[in-house]
Amino acid sequence: MTLRTATDLLEDASYPTTTDDLRATYGNVRIEHPAGVESLDEVLARTGEEEFADATEAVHAVIGAVGQDAVGRVGYSDRDPTPMGVDGHEPVSF
């Protein structure tokens, strides 16, 4: 499933909860991304021992812990111009 679908599952958990509780309940969920697949258990393990007050905290922790391959091109933005005085990326046509 996608990262978005996997994090939507966290909305169903009872809060407050801990990393260990989420790993026990949702750890077998597989997150598919362009570079492969990883389990929610692997991602949650990277967040450390935490207690989450609500689903928003848990989702933010998961999004911050997924590998950079799961979120697309690193440093890419089609919205923000390169600031003056900074060498930006060369435009790439797909």
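Which residue in β3 is the bridge partner of Arg30? I looked it up and found Ser39.

Before going on, I note that this is a predicted model, in which local features need pLDDT of at least 70 and side-chain atom pairs count only at pLDDT 80 or more, while totals for chains, interfaces and linings use all residues. Residues are numbered from 1 along each chain as its sequence is written, and side-chain values use heavy atoms, with hydrogens and water left out.

Next I looked at the strands themselves (DSSP runs of E, at least two residues, numbered from the N terminus). Strand β3 covers residues 36-39 and runs antiparallel to β2, with four bridges joining them; strands count as paired if DSSP finds at least two bridges between them. A hairpin through two residues connects β2 to β3.

I then turned to His33, which lies in strand β2, residues 30-33. His33 counts as buried because its relative accessibility is 18%, where buried means under 20% relative accessible area, exposed over 50% and partly exposed in between, with a 1.4 Å probe and protein chains only. I also found a 3.4 Å polar contact between the side chains of His33 and Glu38; the term stands for a pair of N or O atoms within 3.5 Å, and within protein one must be able to donate a hydrogen and the other to accept it, while residues adjacent in sequence count only if both atoms are side-chain atoms.

My last entry concerns Val43, which is buried, with a relative accessible area of 0%. Leaving aside neighbours within four places in sequence, Val43 is in contact (heavy atoms within 4.5 Å) with Ile31, Glu38, Val62, Ala65 and Val66.
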